[in-house]
Amino acid sequence: MTSRPGRGTRTQRLMKALAAAAIPVAVLALSTPAHAGAQTLLYTNGFEGNQLNTWDHLTGGDAQAGFEVNTGTADTGQNNGWLRARQGWAREGTWAGIDGITRNSSCTARIWVRPQDTVEFALRVWDSKGNKLGETVPRLYPSTYYQSVATPAFSPQGNTNVFVEAVISSYDGTDRTVRIDGLAVDCTT
């Protein structure tokens, strides 16, 4: 088989055509997100600055809840929250804006907790109508370090604002205290 000047053999022409087609495919691959279902950090609140003002606290019985500012007890930053109960319950919560998600997104709420005593600690997520979207209730043991507590994945069901609360209780007269810091809500879109 002879080749025409400047055109090469049939195999060479095929290789050039494949190479030319590969360039647009490579450009397209580079401009497309790495994968669908990317993890996105949508909301954080570490009790710092104006974030402290978004937390509210409720108590029942003899329980207490509050904030520590510049005391050196925070996991990160300068401030943290705390909950204490002996004969009652205490909770601190805040609204988390999770704009930019789809109805089919999957989210997880996480907070850092430092238990002073053995305690059942609840982390719950609610929608604005009072429907519970997610919850975890692990038993925590005294620690000198903060540990991460996260809910199982939950569907935000189209909500772009969810209420996240940390709750403890004690009804046997045993004093139970936890510090909390660094709330985050992550969603997969």
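Select T73 and its surroundings. Leaving aside neighbours within four places in sequence, T73 is in contact (heavy atoms within 4.5 Å) with E68, N80, R114, Y146 and R179. This is a predicted model: local features need pLDDT of at least 70, side-chain atom pairs count only at pLDDT 80 or more, and totals for chains, interfaces and linings use all residues. Residues are numbered from 1 along each chain as its sequence is written, and side-chain values use heavy atoms, with hydrogens and water left out.

Stay on T73. It sits in the loop between β3 (64-69) and β4. Show its side chain. A polar contact (a pair of N or O atoms within 3.5 Å, one able to donate a hydrogen and the other to accept it; residues adjacent in sequence count only if both atoms are side-chain atoms) links it to the side chain of E68 at 2.8 Å. Another, also listed at 2.8 Å, reaches the side chain of N80.

Zoom out and colour by secondary structure. The protein chain has 1 helix and 12 strands; helices (H or I, at least four residues) and strands (E, at least two) are DSSP runs, numbered from the N terminus.

Next, select I111, V113, F121, V164, V178, I180 and V185. These have the most contacts inside the largest nonpolar core, which has 33 residues. Such a core is a set of buried Ala, Val, Leu, Ile, Met, Phe, Trp, Tyr and Cys residues joined through side-chain atoms within 4.5 Å. Now pick β12 (176-188). It gives the largest share of this core, 5 residues.

Finish on V185. Beyond four places in sequence, its contacts include L41, Y43, A96, I98 and V164.

Terms used:
Buried means under 20% relative accessible area, exposed over 50%, partly exposed in between (1.4 Å probe, protein chains only).
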